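Hello,

Please find the structure below. My notes on its interfaces follow.

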Amino acid sequence: MIIIMNRKVDGMTEPLQKSVVIFYSTSAAIKAESLAKKQSLTVKLIPVPRHLSSDCGICLSFNSNDIQRMEGILNYNKIEYDSTYNL
Amino acid sequence: MIYFDNAATSYPKPKEVLEAIIDFTNNIGGSPGRSGHRLSIEAARILYQCRENLAELFNTSDPLRIIFTLNATESINLVLKGLLHAGNHVITSSMEHNAVMRPLRELEKCGVQVQIVPCSCDGYLDPLDIEKAIKKNTALIILNHASNVTGTLLPIRSVGAIARKRNILFLVDGAQTAGTYPIDIEKDNIDLLAFTGHKSLFGPTGTGGLVIGEKVDINKIAPLKTGGTGSRSESENHPDFLPDLYESGTSNIVGIAGLKAGIRYILKRGITEIRQQERALTDKLISGLKEIPEVILYGKEGTGNRVAVVSFNTRNQSPSDIGLKLDEEYDIMCRVGLHCSPASHRTIGTFPAGTVRFSLSVFNTEQEIEKAVMAVKNITKIL
């Protein structure tokens, strides 16, 4: 499990859980990235972690807190995806 | 030098096109959709952004329903050969380019019924003639949006409405209009739009594509080729989703980087302004040529119903003689002959000698038009 530390303004730290969406094609991943950025989500395209898929493609990582917004974007825009995983 | 051969390929291109090609080659260089590193991802973004720009230009909602091909010819072949089977009926016009006619003649030998609806001698088509030609087994109507010989625009919106009403797929060959005349997939009732990148979209050669409307069932159009797509690598079966279904092998990403810059140039400048400017130049050209008694002009009167393509002949010299003199004595590049469209020349009565064709772009100037008209005047006076 990858935990990214996010430093808050008040000096406290809080773990920021990351999730990924795995797609069937790079084009769908790029489309999702473009749409998510337009909705101001913090996203990043990364290689699909080996333990999640044997495919050689990329997946879209995002803050786990945004899971509902991310799924909303994918469903609203009819972007087919394999599944989402918490990292 | 005056370049009047933009219907064959546009020249010059906006400087941004060359800059984008150089930038991609120098700074990105990755293979799109193949690897997880950032150069590959950046290349994939360029592909996607180009689809987004095309979607904006053609008013279609899903960029992934736009696929890249080598040119309009490949897109047309993909639809015709992937969709039509023995026993199907297909309707087209008598003003089509060989990019349509040759695949149709090939399919005819395999049992596809091809019906060619005649156009008038100025290249115009009556939509009612298309409606009358529809049969129970009509699977497709295919029309060019504008003729590469006369520049005449065909009434695609009306024909599209007829096709939609009768539940028949409608394919438009937009080789002469994409980038120079407004195309709206929704309003124009288009199911499939074949376009080329290297003409009015200002991309380099080897770029083109197909817009696949929401109503098209992709399971009914078999791909021309299958192979590596970067997706579902674990499977030896070809993917069934867009755009991968029709995009096998590494894309022409260098070309598409240039194409993207060309489309952005058009979006920034505005297609209405481009159209107005080209129309003004074409008006000037037509009125200049009309003043020359030896000149015979073809196509619809005026420019309201044509793109910036003007075909003409002279009463005293062959098109090839005129073309040679224009090139060698006046430094004017144009295309003479049949323009890969024998059907169009038969329709307008200029087969087999053909015509002289001047095809303009937004980069031509009024001075160039004046010089060209003067050149034609001088050439026809010599005899």
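**Between the chains**

Chain B and chain A share 5 residue pairs in polar contact, both residues at pLDDT 80 or more. A polar contact is a pair of N or O atoms within 3.5 Å; within protein, one must be able to donate a hydrogen and the other to accept it, and residues adjacent in sequence count only if both atoms are side-chain atoms.

On the side of chain B that touches chain A, the classes are 7 nonpolar, 6 polar and 8 charged residues. Here Ala, Val, Leu, Ile, Met, Phe, Trp, Tyr, Cys and Pro are nonpolar, Asp, Glu, Lys and Arg are charged, and the others, Gly among them, are polar.

Before going on, the ground rules. This is a predicted model: local features need pLDDT of at least 70, side-chain atom pairs count only at pLDDT 80 or more, and totals for chains, interfaces and linings use all residues. Residues are numbered from 1 along each chain as its sequence is written, chains are lettered from A and ligands numbered from 1 in the order in which they are written, and side-chain values use heavy atoms, with hydrogens and water left out.

The chain contact (heavy atoms within 4.5 Å) takes 21 residues from chain B and 17 residues from chain A. The two chains bury about 1,500 Å² between them, with carbon and sulfur atoms giving 56%. Buried area is the accessible area (1.4 Å probe) that two parts lose on being put together, summed over both.

There are 3 salt bridges between chain B and chain A. The rule is a side-chain nitrogen of Lys or Arg within 4 Å of a carboxyl oxygen of Asp or Glu. B:D62 and A:K31 form a salt bridge, with the closest N and O atoms 2.6 Å apart.

**Between the domains of chain B**

Chain B is assigned domain 1 (2–10 + 270–382) and domain 2 (15–269). The bounds come from an automatic or database domain assignment. The C-alpha centres of these domains lie 27 Å apart.

The area buried between domain 1 and domain 2 of chain B is about 2,900 Å², 55% of it from carbon and sulfur atoms. B:I271, B:V307 and B:T347 supply 19% of the area that domain 1 of chain B buries against domain 2, more than any other three residues. In contact are 34 residues of domain 1 of chain B and 36 residues of domain 2 of chain B.

Between these domains the count is 2 salt bridges. B:K300 and B:D122 meet in a salt bridge through their side chains, at 3.8 Å, N to O.

Best wishes
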